[in-house]
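Student: Please take me through the structure shown below, one question at a time.

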Amino acid sequence: MAYKTVFKEHGVTLKALPFRGKYNGKIYPEDYTEEEKSLIGISGAGAGSSEKMLGFYKEERKENVHRFCRMGQMYAKIHSNGDAYRCCIIQDSGKLGNLLEETFQLLDEPAVCNYNKCECWRAMVVGEEEGWASHWS
């Protein structure tokens with residue numbers, strides 16, 4: 001919460017997508033506390049895009065093999081050591097560099113995804129922007 005306050009004081013917008021998965025015996029996003037939900041922006045009035053994304057990710061998965069995906073072009077999964085990857089699910093999808101080493105660079109255009117039933121397709125598949133674009137600000 002302290003970081004969010006400092007960012008706000010400096011005019012920096014902080015947005016966090018909810019973590020999805022198991023951690024410390026809990027299943028997220030269902031097990032977030034009310035304070036955590038408030039910090040992320042997934043509860044209360046005006047919850048905005050984070051809450052919409054939660055519902056979006058709960059939809060049934062579709063196959064994504066050999067479809068062009070904007071992951072890595074518009075979005076990257078960044079690990080705590082600074083390594084950035086194209087895909088949220090599989091690390092061998094292509095390393096985009098390292099934020100801390102200043103080697104990180106997004107792709108210039110979409111690339112083919114070869115991972116079946118990937119989580120990313122819901123937010124980044126080319127030609128399906130109508131279904132995901134409104135969830136991103």
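**Fold, contacts and side-chain pairs**

Student: What share of the contacts in the protein chain with a separation of 6 or more comes from residues 24 or more positions apart?
Tutor: A contact means heavy atoms within 4.5 Å. Among contacts with a separation of 6 or more in the protein chain, the share from residues 24 or more positions apart is 56%.

Student: What do the values rest on?
Tutor: Residues are numbered from 1 along each chain as its sequence is written, and side-chain values use heavy atoms, with hydrogens and water left out. This is a predicted model, in which totals for chains, interfaces and linings use all residues, local features need pLDDT of at least 70, and side-chain atom pairs count only at pLDDT 80 or more.

Student: Which element of the protein chain has the lowest mean pLDDT?
Tutor: pLDDT is the predictor's confidence in each residue, from 0 to 100, and the protein chain averages 75, with 69% of the residues scoring at least 70. Over residues 44-49 the pLDDT is below 50, and this stretch has 4 contacts in the model beyond near neighbours in sequence. Strand E6 has the highest mean among the elements, at 92, while the lowest, 54, belongs to helix H3 (residues 49-58).

Student: Which pattern does the protein chain follow along the sequence?
Tutor: Helices (H or I, at least four residues) and strands (E, at least two) are DSSP runs, numbered from the N terminus. The protein chain has 5 helices and 7 strands. Their order along the sequence is α-β-β-α-α-β-β-β-β-β-α-α.

Student: How many disulfides does the structure hold?
Tutor: A disulfide is counted for a pair of cysteine sulfur atoms within 2.5 Å. The count here is 0. Cys69 is in no disulfide, since the nearest cysteine sulfur, that of Cys113, is 5.5 Å away. The number of disulfides is therefore 0.

Student: Is Cys69 buried or exposed?
Tutor: Buried means under 20% relative accessible area, exposed over 50%, and partly exposed in between (1.4 Å probe, protein chains only). Cys113, at 7%, counts as buried. With a relative accessible area of 2%, Cys69 is also buried.

Student: Which of the classes buried, partly exposed or exposed holds Val12?
Tutor: Val12 is in the loop between helix H1 (2-9) and strand E1 (21-23). Val12, Tyr3 and Phe7 make a nonpolar surface patch of about 330 Å². Such a patch joins nonpolar side chains (Val, Leu, Ile, Met, Phe, Trp, Tyr) within 5 Å, from residues with over 30% relative accessible area and no salt bridge. At 42% relative accessibility, Val12 is partly exposed.

Definitions and conventions. Patch = residues over 30% accessible without salt bridge, like charges linked within 9 Å, V, L, I, M, F, W, Y side chains within 5 Å. Areas by Shrake-Rupley, 256 points an atom, 1.4 Å probe, with all protein chains shown as cover. Salt bridge = Lys/Arg side-chain N within 4 Å of Asp/Glu carboxyl O.
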